[in-house]
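Here are a few friendly notes to read alongside the model. Please keep the structure open as you go through the points.

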Amino acid sequence: ETSMIRTLNEEALINVIWGATLLGGGGGGSLQSGLDMLEAYKKAHPEKAPELELITYDEMLEGEYAAVTAGMGSPQAIVGLDFSQYAINAFELLQEMAKREGKNLKYSIPVELGGFNTFVPMLISLVKGISFVDADGAGRAVPALETLLLHVNGCATSPLAMANDVNDKITIELADPYNAPLAEKLGRDVCIEFGMKSGLSGWMVSKEDIKDRIVDGSITLVERVGDIFRNTEDKTMLLETLAKKGIVEAKVIGKGKVEKVFTDMSGGFDYGYVLVKGEDGADYKVDFQNENLLVSKGKNGTFTPLMTVPDITCMYCIQTIPGSPVKAGMPVSNADVKEGMVVGIGAIKVNEKWFKDENHDKKWWTVWKEYMDNIKYTGDNIPFDHLK
């Protein structure tokens with residue numbers, strides 16, 4: 001049997017951060033925050049090359065587990081921070097909890113795709129030299145623990161470990177290990193007391209869980225996406241190039257100038273919408289709660305919905321504005337979109353594991369209801385396949 005271990009060097013890590021930002025669909029942290037963390041890591045560890053070992057789930061043995069580690073808190077509070085100690089403290093605490101259950105927590109995976117949250121667990125692999133599994137818990141970015149694919153497809157949330165950089169730590173053990181909504185509330189409260197920045201580790205998964213319930217191959221996928229975005233000359237044709245190469249199923253929804261960005265911060269979320277004046281004469285609107293939830297097309301303020309979550313609405317910069325750190329060609333999260341920027345709005349088909357629906361209860365859609373209500377959308381799911 002051939003081993004599928006690959007080393008991700010610095011160049012590959014940068015590609016991953018780029019690609020994960022695009023597939024984050026507006027959330028998961030900005031591209032810059034991931035790159036900043038990589039730089040902070042390099043400064044703190046000048047003696048080590050920033051590279052890690054990527055393995056497939058096939059190489060995990062019985063009794064071995066991977067767990068997600070994420071940064072929880074305010075994107076503003078985390079800017080420019082060396083986040084590695086937060087991540088490592090949370091992960092090591094979860095390792096102790098795993099031992100009590102007779103589980104060997106050996107590997108790191110990201111909770112979701114995004115410029116920040118895909119890189120946080122990579123810090124653990126970089127610092128501790130442990131392998132990183134080619135998988136993630138959502139195949140996109142999501143606003144809350146209960147909207148993770150991990151939860152939708154029945155993986156246990158609990159036990160959870162939370163810690164800050166000085167190793168103040170909290171363990172969360174739920175009577176019902178699947179009660180993700182309660183874990184989300186407790187986690188947010190702890191995070192607030194930790195000054196809006198905390199490492200969070202949990203969702204231990206076996207090789208079978210990764211194979212059957214969550215997205216595998218996602219790190220290889222976003223690495224290829226990032227490579228194309230970074231190395232395609234024509235910044236107006238980025239998504240078209242991606243689609244043509246068959247790396248993901250993708251369609252361009254529209255391109256144009258950002259007319260308005262409305263953001264309201266409350267309860268630890270960024271709510272709002274982006275309005276784009278399409279070069280085709282149409283108006284485009286993207287509604288978000290951290291992540292893009294709905295994309296619509298219209299004229300004179302009347303909009304027709306085109307696509308909803310869980311499929312991915314993404315944005316990328318075609319032409320930047322003076323003074324912005326966002327350069328042409330970069331995928332942008334909702335924290336980075338600015339009025340006057342020329343952007344492409346794209347749709348990417350989410351991984352098919354979202355639609356397993358084992359219990360025929362459409363949980364993959366009901367978990368989004370609360371968030372869709374927040375943007376006043378009461379319709380049904382509109383999938384990628386419905387796009388013209």
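1. Let us begin with a term: two residues are in contact when they have heavy atoms within 4.5 Å of each other. Leaving aside its neighbours within four places in sequence, Leu-22 is in contact with residues including Val-225, Phe-229, Leu-239, Leu-242, Ile-312 and Tyr-316. Cys-314, Met-315, Pro-331 and Ile-348 are also among the contacts of Leu-22.

2. A word on the source. This is a predicted model, where local features need pLDDT of at least 70 and side-chain atom pairs count only at pLDDT 80 or more, while totals for chains, interfaces and linings use all residues. Residues are numbered from 1 along each chain as its sequence is written, and side-chain values use heavy atoms, with hydrogens and water left out.

3. Which residues touch the most other members of the largest nonpolar core? They are Leu-22 and Val-133, in a core of 134 residues. Helix α1 (residues 10–23) gives the most to this core, with nine residues. A nonpolar core is a set of buried Ala, Val, Leu, Ile, Met, Phe, Trp, Tyr and Cys residues joined through side-chain atoms within 4.5 Å. Buried means under 20% relative accessible area, exposed over 50%, and partly exposed in between (1.4 Å probe, protein chains only). Helices (H or I, at least four residues) and strands (E, at least two) are DSSP runs, numbered from the N terminus.

4. Now look for two cis peptide bonds. One runs from Ser-158 to Pro-159, with omega near 0 degrees, and Pro-159 lies in the loop between α6 (149–152) and β7 (160–163). Another joins Val-309 and Pro-310, with omega about 5 degrees. Pro-310 has its place in the loop between β15 (302–308) and β16 (312–319).

5. Asn-290 has a phi of about 60 degrees and is found in the loop between β13 (283–289) and β14 (291–299). For Asp-357, phi is about 50 degrees, and the loop that holds Asp-357 is between β18 (342–348) and α11 (363–366).

6. Is each of these two residues buried or partly exposed? Asn-290 is partly exposed, with a relative accessible area of 22%. Asp-357, at 19% relative accessibility, counts as buried.
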